[in-house]
Amino acid sequence: KKPKKGKIKNGKALKASFFVLVVLAAITFRLFNLPASTAVIAGGIFGVIGIGIIIFASRKSGKMVHCTTYCPVGTTINYLKFINPFRMYIDDACTLCQGCISYCKYDALNLEDIKNKKPGINCTLCGDCVGSCHSVSIKYKLFNASPETARNLYLFITISLHAIFLALARI
């Protein structure tokens with residue numbers, strides 16, 4: 001069976017492998033009390049590899065391969081979204097035009113997902129598809145909040161957490 005264009009063969013296994021590798025490296029650095037310079041070098045190498053993936057794989061496929069396969073933050077987001085109160089959904093006004101598919105750089109939308117009224121597992125709740133929907137059918141959901149309030153709150157929290165984690169990592 002041929003993978004879909006833009007899809008990485010064994011992407012889920014690669015995603016899990018990179019995640020485990022990063023976690024094990026962090027634990028190893030802590031357990032052996034390795035100097036900060038070692039962590040910086042390892043982080044730099046990981047970052048350079050990531051940039052290579054961005055330049056070659058992501059650009060070639062037109063998808064966010066570095067996020068959906070390589071980045072441990074993307075993997076964490078994919079799995080934590082099951083306990084995350086924020087959701088994306090597609091309402092009944094959807095015309096099945098599939099215009100959103102080309103805007104989804106995470107391979108989270110296809111015809112089956114659209115018919116199921118929700119993005120696939122790779123959805124990072126980025127919202128790129130929201131503006132592409134001509135029928136304004138793709139929306140954020142958070143309890144009883146309006147879709148716009150839910151989106152704004154999600155973006156505020158996400159941007160704040162990224163800033164905090166980057167500060168903690170001393171980058």
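Phe143 is placed in the loop between E2 and H6, where helices (DSSP runs of H or I, at least four residues) and strands (runs of E, at least two) are numbered from the N terminus. Its phi is near 50°, a positive value in a residue other than glycine. Phe143 is exposed, with a relative accessible area of 63%; exposed denotes over 50% relative accessible area, buried under 20% and partly exposed the range in between, with a 1.4 Å probe and protein chains only. A phi near 50°, again positive in a residue other than glycine, is found for Val136. Val136 lies in the loop between H5 and E2 and is exposed at 54% relative accessible area.

The model is a predicted one, in which local features need pLDDT of at least 70 and side-chain atom pairs count only at pLDDT 80 or more, while totals for chains, interfaces and linings use all residues. Residues are numbered from 1 along each chain as its sequence is written, and side-chain values use heavy atoms, with hydrogens and water left out.

The protein chain contains six helices and two strands, arranged along the sequence as α-α-α-α-β-α-β-α. The C-alpha trace spans about 55 × 40 × 25 Å along its principal axes. Of the 171 residues in the protein chain, 29% are buried. Among contacts (heavy atoms within 4.5 Å) with a separation of 6 or more, 63% involve residues 24 or more positions apart. The accessible surface, from the Shrake-Rupley method with a 1.4 Å probe and, for residues, only the protein chains shown as cover, comes to about 11,400 Å², of which 68% belongs to carbon and sulfur atoms.

A nonpolar core is defined as a set of buried Ala, Val, Leu, Ile, Met, Phe, Trp, Tyr and Cys residues joined through side-chain atoms within 4.5 Å. The largest such core has 21 residues, and those with the most contacts inside it are Met88, Leu109, Leu125, Cys129, Ile138 and Tyr140. Two or more residues of this core come from each of strand E1 (87–90), strand E2 (138–141) and helix H6 (147–168). Beyond its neighbours within four places in sequence, Cys129 is in contact with Met88, Cys100, Tyr103, Leu109 and Ile138.

In helix H4 (residues 72–80), the residues Pro72, Gly74, Thr75 and Asn78 are buried. They cover an arc of only 160° around the axis and are therefore on the same side of H4, the arc being that of the directions from the helix axis to the C-beta atoms. The cover over the buried residues of H4 includes H1, helix H2 (36–61) and helix H3 (65–70).

Not counting residues up to four places away in sequence, Asn122 touches Lys15, Thr68, Asn78, Lys81, Tyr106, Asp107 and Ala108. Thr124 and Lys105, 19 residues apart in sequence, have a C-alpha to C-alpha distance of 10.0 Å.

Three salt bridges are counted under the criterion of a side-chain nitrogen of Lys or Arg within 4 Å of a carboxyl oxygen of Asp or Glu. The side chains of Asp107 and Lys63 form one of them (3.6 Å, N to O). This pair links distant parts of the chain, with Asp107 in the loop between E1 and H5 and Lys63 in the loop between H2 and H3, 44 residues apart. Lys63 is buried at 16% relative accessibility. In the pair of Lys139 and Asp91, the closest N and O atoms are 2.8 Å apart. Lys139 belongs to strand E2 and Asp91 to the loop between E1 and H5, 48 residues apart. Lys139 is partly exposed at 21% relative accessibility, whereas Asp91 is buried at 16%. Asp92 pairs with Lys117, with 3.7 Å between the closest N and O atoms. Asp92 is exposed at 70% relative accessibility, and Lys117 is partly exposed at 29%.
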